[in-house]
Amino acid sequence: MIKTAKIFLLILFFTTSIHAQKDTIKLKEVAVTSNRITLPFSKNSRTITLISSDEILYSPATNVADLLQSIAGIDVRRRGIDGMQSDLYIRGGNFNQTLVLIDGVKMDDVQTGHHTMNAIISLENIKRIEIIKGPAARIYGQNAFTGAINIVTKNVIGNSLNLNLNYGSYENKKGVVSFGQKFNKGNILASLSYQESDGYRFNTDFENISAFVKSTFTIFNLTTSFTQRKFGANGFYASPDYANQYEETQTSLVALSTKLGNETIKIKPRLYWRRNEDMYLFLRNNPSYYRNLHISNKIGIENNIVINSSFGNTGIGVDVSRTFLISNNLGNHNRTNITGFLEHRFELLNENLDITPGVAISYYSDFQTKAFPGLDVGYRISDEIKLYGNMGYTYRVPTFTDMFYIGPTTIGNPNLEPESALSEEFGVKYSTTNFTLNIALFNRDSDNLIDWTKDNEEDKWETRNFSEVSTQGFETEINYNFTIGNQHQNLTVGYSFIEDDIKDNNVQYTRYSLNSIKHQLTSSFTSKFTSTFSHNISCKYVERTDGESYTVVDTKIMAKINNRVELLLIGNNIFNAEYTETNLVPMPKGNIMFGLKYRIY
């Protein structure tokens, strides 16, 4: 912690010393995407964090999992390098309680939340990432128990052909080709990437292939993606002593959408299909000893309507989906989900006060129908200061792994009940043209939490509904933009504190839910010395509830040689911190990656 404090003090001292040279920089007002009511960032009355394309460009992260680790309140627990297998947690929830979307399409998996990050696309294709913390079930439906992350992909600006090549430690090789083309009645954006590595220790080698296509023709938008991952899983699952595990996953997405109407009424229908295939071997070189194969398909149709009137903005939506699972371990199952949404935004007192009540009602073919009411309230004290608060009921039905999995050290429970929670949040936002500050206090009272538990160390892990857990926390984010000469600089600092109060706990051991980050401190400083050279240094301090703590520092140097050529050098964990993020899997020590970006046209 002392080392972390020194780094932050150095950054803050450097920033303060050049404060007198700053110029006013206008921060761009971004409209935060929603399937219904879309609002400018400043008008939202929730805790929302945006990661812009510029922040993605300058970040040392090479994938979405690493990028999200720079945000306070988000806990990405990785197994290996380059986001090979990673689980996403928000505000102390677990990986089954967080929803990921790509252009508003829900990427949840009925088999397990371990697959939430499988279909994450390359950073080269991302325009921005929108992070909504707190109860988001009213907006997106079930699985948005503790928050949601929407990945907004790029649009075609002009004709282009780009080549990215990377080489780094552990024989890590990566190549990406991307193509953009405009036509009279539409456009197309396509990319293909390949990556392989020998791994940073025994049986952590991997091979990734991904493809992404986004096309617009007249009024129709088509988004497709395919990701295949093959990797050694040394200690990734079950006991860390099992070093010969192996896994292959394939994830596909196809979504077709359009927008109709005018300024008064907008209609946004969408048809989508998501497929995931997961093959797991307990012994890599002996598939017959223990092999799992799961194939899930989700087909859905949704329609969202926005009505703008003198009384405010009304959002109405319905999402109907059918999910099929074929598995040699879990069995064959299906689930139908129908969710209806209704929300209305009132703006009063010269638009200084906004009130948005809403409700989502979900039907499940294998569970009871549930309603998720919620309320957002915001009051703007001045042009710079806004107070906001929200509360909402949220809910999650068990995955099929929770209910039916049978393994060497684990067993599911078909009698599980859905878990639920009531969440509240209060915050304040302060924003000027070059400085933003967000402070939020939050509380979540959870009931019937689902987790893998056991009473004795020698027992098998078994899923149970257990206890009530009250989670309180505090979060702050600071973003400061300034210039040195005419070169843009940026400093971001974030801090998160989480504390769980377990009431009437009836289990001795839990695997996922109760190993939250207690203290999390993040910082990123991007400096641009000339129009050619830029530099970023990012620091993260983590202290978990089990007492483990560590500090990780990453850096990136980038040189723009001309309009066609860019060179980069990335250093991860440059001070060789020894740490784990999940299941006692040791993370790699210091490693580097060189990169070349070439714009062919």
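**View 1. Glu 499 and its salt-bridge partner, Lys 518.** Start with Glu 499, which is partly exposed, with a relative accessible area of 38%. In this predicted model, Glu 499 forms a salt bridge with Lys 518, and their closest N and O atoms are 3.7 Å apart. The pair links distant parts of the chain: Lys 518 sits in strand E30 (residues 517-528) and Glu 499 in strand E28 (residues 487-503), 19 residues apart. Lys 518 is also partly exposed, its relative accessible area being 22%.

**View 2. A salt bridge between Arg 78 and Glu 581.** Here the closest N and O atoms of Arg 78 and Glu 581 lie 2.9 Å apart, and the two residues form a salt bridge. Arg 78 belongs to strand E4 (residues 74-79), while Glu 581 is in the loop between strand E33 (565-572) and strand E34 (591-599), so the bridge ties together parts that are 503 residues apart in sequence. Is Arg 78 buried or exposed? With a relative accessibility of 9%, Arg 78 counts as buried. Glu 581 counts as buried too, at 2% relative accessibility.

**View 3. Further salt bridges to look for.** Arg 396 and Asp 402 form a salt bridge whose closest N and O atoms are 3.4 Å apart, and both Arg 396 and Asp 402 are buried. Elsewhere, a network of salt bridges links Arg 91, Lys 133, Glu 425, Glu 475 and Glu 477.

**View 4. The largest nonpolar core.** How many residues make up the largest nonpolar core? This core has 32 residues, and those with the most contacts inside it are Val 64, Leu 68, Ile 74 and Ile 129. Several elements each supply at least two residues: helix H3 (64-68), E4, strand E5 (85-90), strand E6 (98-102), strand E8 (126-133), strand E9 (147-153) and strand E15 (246-258). H3 gives the most to this core, with four residues.

**View 5. The surroundings of Ile 129.** Zoom in on Ile 129, one of the residues with the most contacts inside the largest nonpolar core. Leaving aside residues up to four places away in sequence, Ile 129 touches Thr 49, Leu 50, Ile 51, Val 64, Leu 67, Leu 68, Ile 149, Asn 150 and Ile 151. A second, separate core of 29 residues can be found as well, and Met 84, Tyr 280, Leu 325 and Phe 341 are among its members.

**View 6. Strand E9, covered on both faces.** In a regular strand, side chains alternate between the two faces of the sheet. Which residues of E9 lie on each side? Gly 147, Ile 149, Ile 151 and Thr 153 are on one side, with Ala 148, Asn 150 and Val 152 on the other, and all of these are buried. That makes E9 a mostly covered strand, with seven of its seven residues buried.

**View 7. The strands that pair with E9.** E6 and E9 run parallel and are joined by five bridges. Among the paired residues, Leu 99 has Ala 148 in E9 as its bridge partner. E8 and E9 run antiparallel instead, with seven bridges joining them. Here you can pick out Arg 128, whose bridge partner in E9 is Val 152.

**View 8. Asp 451 in strand E26.** Asp 451 is found in strand E26 (residues 435-454). With a relative accessibility of 2%, Asp 451 counts as buried. To place Asp 451 against another part of the chain, look for Pro 408: the two are 43 residues apart in sequence, and their C-alpha atoms are 17 Å apart in space.

**View 9. Stepping back to the whole chain.** The chain has five helices and 34 strands. Its radius of gyration is 23 Å, close to the 25 Å that the globule rule gives for 601 residues, so the chain is as compact as a globular protein of that length. Taken along the principal axes, the C-alpha atoms fill a box of roughly 65 × 60 × 55 Å. Of the 601 residues, 56% count as buried. Among contacts with a separation of 6 or more, 61% come from residues 24 or more positions apart. The chain exposes about 25100 Å², and carbon and sulfur atoms supply 59% of that area.

Definitions and conventions:
Residues numbered from 1 in each chain as written. Predicted model: local features only at pLDDT ≥ 70, side-chain atom pairs only at ≥ 80, totals over all residues. Heavy atoms only, no water. Salt bridge = Lys/Arg side-chain N within 4 Å of Asp/Glu carboxyl O. Buried < 20%, exposed > 50% of the residue type's maximum accessible area, 1.4 Å probe, protein only. Core = buried A, V, L, I, M, F, W, Y, C linked by side-chain atoms within 4.5 Å. Contact = heavy atoms within 4.5 Å. Rg over C-alpha atoms; globule rule 2.2 N^0.38 Å. Areas by Shrake-Rupley, 256 points an atom, 1.4 Å probe, with all protein chains shown as cover. Pairing = 2+ DSSP bridges.
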